[in-house]
Amino acid sequence: MTQPMSPQGKERPIKASEIDPNFKYELQKIHGLENFLHCFQCGTCTSDCPVARFSDNYRPRTLIHMAQLGLKNQVLTSDTLWLCAACFTCTDRCPQNVDVAKAIQVFCNLAAENGYMPQLFRDQAQNLIETSYIYKIPEVRIKKRETQGLPPLPKNNPNTIKKLLKNIKFFKHIQQQTPQQLLGENKNASQ
Ligand code: SF4
Ligand code: SF4
């Protein structure tokens, strides 16, 4: 069997050991992904995706196809997943009523749960925990607001946010893991 074009744009034969035959059935049970196996690879989602227009690698159609084939590790470790802008254009245009945007969101959540998240998102998560803002706002900018007569930025309560994030095991998900560690873990988990 040959793999469809990977998100990284390379084709290579698929090994049987790479396939998790249960993956598609697990996905199908998730609310919003019931129609996911109805995808017939027309490519409408990719042709209408505003991110795919500007990326050589990001292809929602390919991610759906890989998930249908059971290429769980490859889907979850793909950096391109995280390029999705969650605009829902793909979902609106799919002739098979596949909620493509939801599928990408689920892939990102599963990737995070399995310890794989690009460093940029880890950094943003860390900022959220420390300051309750995704970006650390530099002191110089806060002072500049004052000099320009702008009101202070709203103060959030990082402790409340920490409590909420702790309840959803968020801290565990942002712990650093290399892709190799992740692949090793997933391999063991699927055996
Ligand atoms: S638009 Fe729908 S049917 Fe067409 S490739 Fe995308 S998910 Fe599949
Ligand atoms: S939701 Fe994501 S995959 Fe779908 S069209 Fe928007 S950017 Fe592309």
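Biologist: By class, how many nonpolar residues does the shell around ligand 2 have?
Modeller: This is a predicted model, so local features need pLDDT of at least 70, side-chain atom pairs need 80 or more, and totals for chains, interfaces and linings use all residues. Residues are numbered from 1 along each chain as written, while chains are lettered from A and ligands numbered from 1 in written order. The shell (C-beta, placed from the backbone, within 6 Å) has no charged residues and 1 polar residue. Its nonpolar residues (Ala, Val, Leu, Ile, Met, Phe, Trp, Tyr, Cys, Pro) number 13.

Biologist: Which helix gives the largest share of that shell?
Modeller: In all, 14 residues surround ligand 2, and Cys 49, Cys 84, Cys 87, Cys 90 and Ala 101 are the closest. Helices H3 (50–54), H6 (89–93) and H7 (100–113) each give two or more residues. The largest share, 3 residues, comes from H7.

Biologist: How many helices does the protein chain have?
Modeller: It has 0 strands. Helices are DSSP runs (H or I, at least four residues; strands are E, at least two), numbered from the N terminus. The count of helices is 12.
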